[in-house]
Amino acid sequence: MRHECSWFTRLAMLIALISKVSAMIEILIIIAVFLIISQSICLNICGRRNIINMIKSIGVTDKFILLVFTSKAAFLGWLAR
């Protein structure tokens, strides 16, 4: 009987360890996805800096430019689901 109890205890400890490791991996994946998305947005903005400056010169506000980029990102996100 004592041998079975030890086996169940080790199994429970292994399951708890796997659960903690999978939670850490999940957090790392979420951070990686956030960093990748933010870098792609920054690269998109840097690539269009001339266009943004030209649009600003004719009087478009920063909020409108932000709205254009976020709406495009939201559309692409919706499309990718």
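Thr 61 sits in the loop between helix 2 and helix 3. Helices here are DSSP runs (H or I, at least four residues), numbered from the N terminus. The model is predicted: local features need pLDDT of at least 70, side-chain atom pairs count only at pLDDT 80 or more, and totals for chains, interfaces and linings use all residues. Residues are numbered from 1 along each chain as its sequence is written, and side-chain values use heavy atoms, with hydrogens and water left out.

**The loop and its flanking helices**

Thr 61 has a relative accessible area of 48%, so it is partly exposed. That class lies between buried (under 20% relative accessible area) and exposed (over 50%), with a 1.4 Å probe and protein chains only. Asn 50 is eleven residues from Thr 61 along the chain, and their C-alpha atoms are separated by 15 Å.

Two packed helices are described by the angle between their axes and the distance between the axes. Helix 2 (residues 49-57) and helix 3 (residues 62-80) pack at about 140°, with axes 10 Å apart. Axes are lines fitted to C-alpha atoms over the stretch in contact, and angles run from 0 to 180 degrees between N-to-C directions. Helix 2 and helix 3 are therefore oblique to each other. Oblique is what remains after roughly parallel (under 35 degrees), roughly antiparallel (over 145) and roughly perpendicular (65 to 115).

Helix 2 contributes Ile 52, Ile 55 and Lys 56 to the contact, and helix 3 contributes Asp 62, Ile 65 and Phe 69. Contact means heavy atoms within 4.5 Å. Four of the contact residues are nonpolar, none is polar and two are charged. Ala, Val, Leu, Ile, Met, Phe, Trp, Tyr, Cys and Pro count as nonpolar, Asp, Glu, Lys and Arg as charged, and the others, Gly among them, as polar.

**Cysteines**

The structure holds zero disulfides. A disulfide is a pair of cysteine sulfur atoms within 2.5 Å. Cys 42 is in no disulfide; its nearest cysteine sulfur, that of Cys 46, is 6.4 Å away. Cys 46 is likewise in no disulfide. Cys 42 counts as partly exposed, at 40% relative accessibility.

Thr 70 is in helix 3. Ser 19 is in helix 1 (residues 2-47). Thr 70 is partly exposed, with a relative accessible area of 43%. Ser 19 is partly exposed, with a relative accessible area of 43%. Their C-alpha separations from two other residues follow.

| Pair | Apart in sequence | C-alpha to C-alpha |
|---|---|---|
| Thr 70 and Ile 41 | 29 residues | 9.3 Å |
| Ser 19 and Gln 39 | 20 residues | 30 Å |

Technical notes:
Helices (H or I, at least four residues) and strands (E, at least two) are DSSP runs, numbered from the N terminus.
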